[in-house]
Amino acid sequence: MARVRVWIYASAVFLTTIFADQNDQNVNPTAGVFFIHVLGRDYFQAGFRSFQEASGIITSIPITFNTNLHDHPDRPRWLRFIQRTEYHDGILYGTPTMKDVGQKIIEVTAVNRKTFETSRQNVIINVEETGELKLPYHVEFYVKNINVEEVLPLEMQQYFQDRAASIWGSNHLTMINITSALDRGGRVPLPIEGRKEGVYVKVGSNMPFPSCLEEEVLGGEQCSDQFGPSNCEDTFSPQFIIDWCNILLIDKSKPDSPEVELVPGDGILTDSGEYDPPPDFLEARDYYLDYVVTITVPLVIGLFLCLILAYIMCCRREGVEKRDAKTSDIQLVHHHSIQDDTNELRNLAKSRDGLRPLSTLPMFNARTGERVPPRIPFNSDTSRIPLIMDQQEQHSDPYPRIQPKVQQQKVIGK
C-alpha cells in the first residue's frame, strides 16, 4: 500500500512539473474590428518549475508558443499568430466577421526550449456582434518599411490612425485589419539591413472618402512608386512609407447587386434532343492491317538504311593498288621499313638468343640492307662506353676486357 502511495505522489509531482496549467482568460472582440491579444513570456515562464526554483535570479528563457482551436489542429481562419523569435512575445491578431460570432476556445501551449517544460492556457474568445457600429468606407494602405509585429502595438496603431485622420479630415476612424504582405503572396525579403516584409493596413470610417484619395486611385495609371502622392499630403512619412500606387478603396455603403438565383432544370436537353447513350457492347474490329503497317514500315526503313551503309563501306573503297599508285616511293619505303622492324621485333621476342636486329646496327640502310661491321662486341657491357667516341682519352682501351681465368684464380688465391 505504501508503494502505491509513493507511486501516486511521484506521478502527481511529475505531471505538475511537466504540465503546468494557467488560468483561463476571456477576451471579447467585436466582429469587423481588429483584435489583438499578446501572449506574454513573463506570464508563462512563471509557471515553469525550473523558473520557480531559481527565484530571485533574472533569467531569459527561450519560449515558443503553439496555438490551436480546441479539438482542432489549427486556429480559426480569421485568427493569425506571430512570434518572431523565441525571446519575443507571441501575438494573436485578426478581424472576425459576422459568421464568427460566438465562443471559440484557443489552446495555448508554451514550451521551454531548454528544459522542454510546458505551460498551458485557454483563451476564450467571445466574438460579439457589431451592433450600431457601421463603417461602410474602408481604405487599405500598403506600408513597405515595416513588419507586422512592429505595427501591432496599440500605440503604433493609434499613430497610424492619427496620420490617416489628418488626410481623411475626420477622427472617426477605426482599425479594421492588419495583414502581413507574406500572407498576401509577398516574397520573403533578403537578409539585408533595412529590408522589411511589408504590411497591409485597413482603416474604416463612417465618413465618405476624401477627394484626394479618390483622385489618387483614379490616377493610378500614371502613378510612380518612386514619387509620393500627387493629390494628398503625405503625413505618414518618415515613420511609414506608403505605396501610393497600391491603395484600395472599398465602399460598402452601396447596396450589393442581387444575386441571380439559379433554378435547377428538369435534366432534359431540349436543344440537342434526347440523350443517346453508347451501347453496352462494342463491335469487333480487325487490327491485322494496323499490325502489319506497324511492323513492316520500320523494317523496310531499316533495310534501306543497311543497304546504303553497305554500299558506302564496300563499293566505294579505293583498293590497295590504287592507294599505292597515289603514294610516293619514299613514303612506301618508310612504311614498309616500320612494318619490317615490327615483324623483326616480334620474332626476336619469341627467341631471345637470335642475332642482333638490323635496325640497331650502325650505318644501317633500310633500302639496301647494307651495314658496317659493329665496332662494339654484341655481348659486351655498353654501360661504361661514352656516348661520343671522340671524347675518350687517347691511348686508352674503350672496350672492357675479360681477364683470363688463370689471372682471376690467382687474385682469388691471394
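User: Leaving aside neighbours within four places in sequence, which residues are in contact with phenylalanine 236?

Analyst: This is a predicted model, where local features need pLDDT of at least 70, side-chain atom pairs count only at pLDDT 80 or more, and totals for chains, interfaces and linings use all residues. Residues are numbered from 1 along each chain as its sequence is written, and side-chain values use heavy atoms, without hydrogens and water. Contact means heavy atoms within 4.5 Å. With neighbours within four places in sequence set aside, the partners of phenylalanine 236 are Phe141, Phe160, Arg163, Ala164, Ile167, Ile242 and Trp244.

User: Which residues touch the most other members of the largest nonpolar core?

Analyst: A nonpolar core joins buried Ala, Val, Leu, Ile, Met, Phe, Trp, Tyr and Cys residues through side-chain atoms within 4.5 Å. Buried means under 20% relative accessible area, exposed over 50%, partly exposed in between (1.4 Å probe, protein chains only). The largest core has 33 residues, and those touching the most other members are Phe141, Phe160, Ile178, Leu213, Phe236 and Phe240.

User: Which element supplies the largest share of this core?

Analyst: Helices (H or I, at least four residues) and strands (E, at least two) are DSSP runs, numbered from the N terminus. Elements supplying at least two core residues each include β9 (137-143), β10 (173-180) and α5 (154-168). The largest share, 6 residues, is that of α5.

User: What span does α5 reach from its first C-alpha to its last?

Analyst: α5 has 15 residues. The expected span is 1.5 Å times one less than the number of residues.

User: Which elements do the buried residues of α5 pack against?

Analyst: Buried residues of α5 include Met156, Phe160, Ala164 and Trp168. The buried residues of this helix pack against β3 (35-39), β9, α4, β10, β11 and α6.

User: How many bridges join β9 to β11?

Analyst: Two strands pair if DSSP finds at least two bridges between them. β9 and β11 run antiparallel. Histidine 138 stands opposite glycine 204 of β11. The bridges joining β9 to β11 number 7.

User: Why is β11 largely enclosed by the rest of the structure?

Analyst: Val199, Val201, Val203 and Ser205 point one way, Tyr200, Lys202 and Gly204 the other, and all are buried. β11 is largely enclosed because its buried residues number 7 of the 7.

User: How many disulfides does a search of the whole structure find?

Analyst: A disulfide is a pair of cysteine sulfur atoms within 2.5 Å. The search covers the whole structure, and the count of disulfides is 0.

User: How far from cysteine 315 is the nearest cysteine sulfur?

Analyst: Cysteine 315 is exposed, with a relative accessible area of 54%. The nearest cysteine sulfur belongs to cysteine 314, at 6.1 Å.
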